[in-house]
Amino acid sequence: MTAARSIGGTILEVDAVSLAFGGVKALTEVSFDVREHEIRAIIGPNGAGKSSMLNVINGVYRPQRGTITFRGVPRHGVNPYDAASSGIARTFQNIALFKGMSVLDNIMTGRNLRMKASFLEQAIWIGRARREELDNRARVEAIIDFLEIQHIRRTPVGRLAYGLQKRVELARALAAEPALLLLDEPMAGMNVEEKQDMCRFILDVNAEFGTTIVLIEHDMGVVMDICDRIVVLDYGRKIGDGAADEIRGNQAVIDAYLGVAH
Amino acid sequence: MLYREAGQFKSTYLADSAIFPLRQDRIAMAVLLAIAFIVVPLTATPYLFSAILIPTLILALAAIGLNILTGYAGQLSLGSAAFMAVGAFASFNFILRVPGIPILVAFVGGGLCAAAIGIVFGLPSLRIRGFYLAVATLAAQFFIIWFLTKVGWVTNYNSSGVITAQPIVVFGYRFDAPAPKYLLVLSIVALMALAAKNMTRGNLGRKWMAIRDMDVAAEVIGIPQMKTKLLAFAVSSFYCGVAGALFAYAYLGTVEPEAYNLDLSFRILFMVIIGGAGTILGSFLGSAFIVLTPIVLNVTVGWLDASGLHVPASAGSNLEVIVFGVLIIFFLIVEPLGIARLWSIGKEKLRLWPFPH
Amino acid sequence: MQFFFEVLIGGLLSGVMYSLVALGFVLIYKASGVFNFAQGTMVFFAALTFVGLTEHGLSFWMALPATLVVMVLLGLAIERAVLRPLVNQPQISLFMATIGLSFLLEGLAQIVWGTSVRGLDIGVADEPIGWIADRFGLNISKFDLVAALIAAVLVAALAFFFSRTRIGRALRAVADDHQAALAVGIPLQQIWGIVWAVAGAVALVAGLLWGARNGVQFALTFVALKALPVLMLGGLESVPGAIVGGLIIGASEKLAEVYLGPMVGGGIEGWFPYVLALVVLLFRPEGLFGEKIIRRV
């Protein structure tokens, strides 16, 4: 399945990133790379620093040390806005949708960076403002079709079931047409059917749009099946990195997951 | 039965994103506008114009302003009246000091001054959230009114503190009588309401609501927090500023700081919350409710008095205050999301009526 | 220098009075997240009820418990009739409801007891204390000092109530996390009722002191506007914050009025506390003692 895509050069390079909150070290000297078009997983026990890693990549947290290089541009720390404009989109572990808005509006916000009309043009609702609204609506409808959520277009997201909310959040991230998509536990709390659907969507996004994906997931079956390479974190340090088979045989990883007598 | 969308298919996103996608709504709006622009001016009494229609429209405009800030962008403000005062006094000074300035340009200038001051008092919103932000807007409320009272230049060294507003003259026509004043106010309010609707239904409105619902997530998808919030403060204050100028020139006939006290700020906030936060329609409904309720209560007390039940004057005014308070609580309990929400529930019901299923 | 200290001490003592009103806000906000704008009107309501009762022939010591009962019942009634139906609604709707409530109470109190301005004598004169004036040459009002002492006793009693009693512990649990408190079997609504009743009692103390100082009149409701910057400065859910905030606002307001006011034409008491609170909030967005809000995604 993955053979059809041609995995390219490095798109994201994480170099010796360290992050601490007060005295608590969340990440210590973590380095890894992500290649274009691949699906990369970050796994590890609870509290290993996986979400913190994503937060560093898209600028929610600023690391004390280390560099993130995205598409050849090295950065010591970015803010979320810059990360978004440079083509990074993400979903959150605890769904971060805009509760008071409809599904359609939520997904449309994903395209806000592509809408340039000033507030005056929008107030008069002619020319560029209207054209942008309609063009972007068409793109969003394509994503709605792709993720099979046509029937809930007008529903306020607060009323949706958990699994659907996760899907809407993915749609909002996709609407930005990102070069790099970060997914924080996209399948947490889902039943088997929902997980299968989500796996299918992730693989389709990767195959059809060529989007590079970094995902955090606890379901080892899923990770081993859909990911090209895996980073393993434990207590904020990288303890493993490689393809599924290598990770399976890695003693440090087995210890971290199964526990080891001290 | 009558109110339903069956058979109305939209083949373009343009039609789907119209303000009134349903034919029935478009017809209703056209009828409403026809009544407001043609029937009312021909039939209404001067009392109706000056005591009800004009203040309702002007305060609805202020409520739209506050709704943009609080209902859409989620930033609580208790100082709308102060921004109205800025608009009124700035307009006064433009007319006074710039010879030959058209009065409508002066109103826009007043709105722009209010917008500038709004941005200044909006800056703290980048750090302060929720009820704590109320302190910034209350500071605006008390400081601005104090400033307008204390600094002689802004009142043209008027000793009484109450300035008679200059007459409204547009292209040589003097808006003196209630009916023309009403039409002028109606036109301005209708245009600005349309503009507000356009802003809030498009990308800008979505950005504001995103900041309101979850500002961290908004930033992650590329919505710049500072720019979006400050734009909300600016647009909101502009609306309040123009409303304040109209309030002085088309309603009160005077320009005075005391008219824009904290009480007015609260009334405008009531309009937003009772009408429906995050809806333009709600601003009008809320304004009508807040303007009409005291009048209805006052008339009722007078009627009770006349019908033999003696009500002492002080008890009458206290009774009004009590009923007003109770009504507000009642409305909030019945529908915390405002009258506009009741309206949309009503429309849902109407789709099925008269068949229950 | 002597004048400076007089102003400073006078300001600190009146600051304690602000704290007293702010305390009522804090109690309710802490327990239920309701920003109770009607606290100022409750102060007025209590003072007016007390004066009304004494005018009907009750002695001071009879009217006091009677008014206390009225205030406790009022608090319970508000919780039951206004707040309970609005549980889980947006905070701003609750806030608006309390503004509606303040209209209701204001009308109610005046319809029952009339609108005339009345004096209230609690037996302490507003005059300089002799021996302090003699020894230090400072004019410190006896009334202010007694008021501050009463406030201090009340704060100490509340602190004891919160830290040492079962209800106090339950209340702190509710303030921390409603859901978790419910899960361990704390009766949420009962706690809210108690908090409103206590807020009513605090309003009574504030009402007596403020009424005795300024006369019992409608303007008493405006003490809420004095308490707001105190609250914001100290932190919405902090009892120590209300105290320290009150002292800071009281002292700085008086000093500003005396030393800064003449330069800009006076009357700055109205906005100075708000601007001061705003400046503090810019550095500490949750107030001096407020809980730091950690925003997560």
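**Note on a predicted three-chain model**

1. A residue counts as buried if 20 or more other C-beta atoms lie within 10 Å of its own, as exposed if 12 or fewer do, and as partly exposed in between, with C-beta atoms placed from the backbone. Helices (H or I, at least four residues) and strands (E, at least two) are DSSP runs, numbered from the N terminus.

2. This is a predicted model, in which local features need pLDDT of at least 70 and side-chain atom pairs count only at pLDDT 80 or more, while totals for chains, interfaces and linings use all residues. Residues are numbered from 1 along each chain as its sequence is written, and chains are lettered from A and ligands numbered from 1 in the order in which they are written.

3. In α7 (residues 166-176) of chain C, the buried residues are Ala170(C), Leu171(C), Val174(C) and Ala175(C). Seen down the axis of α7(C), they fall within an arc of 140°, so they line one face of the helix; the arc is that of the directions from the helix axis to the C-beta atoms. An α-helix has 3.6 residues a turn, so residues three or four places apart point the same way. The buried residues of α7(C) pack against α1 (2-32), α6 (142-164), α8 (178-183) and α9 (188-214) of chain C.

4. Where chains B and C touch, chain B contributes 34 residues and chain C contributes 40 residues, two residues being in contact if their C-beta atoms, placed from the backbone, lie within 7 Å. On the side of chain B, α13(B) gives the most, with 13 residues. By class, this side of chain B has 28 nonpolar, three polar and three charged residues, where Ala, Val, Leu, Ile, Met, Phe, Trp, Tyr, Cys and Pro count as nonpolar, Asp, Glu, Lys and Arg as charged, and the others, Gly among them, as polar.

5. Chain A holds an open sheet of six strands in the order β6-β7-β8-β3-β9-β10, with mixed pairing, and two strands are said to pair if DSSP finds at least two bridges between them. The edge strands, each pairing on one side only, are β6 (88-90) and β10 (237-242) of chain A. Within this sheet, β3 (residues 39-43) and β9 (residues 229-234) of chain A run parallel and are joined by four bridges, and Ile43(A) stands opposite Val232(A) in β9(A).
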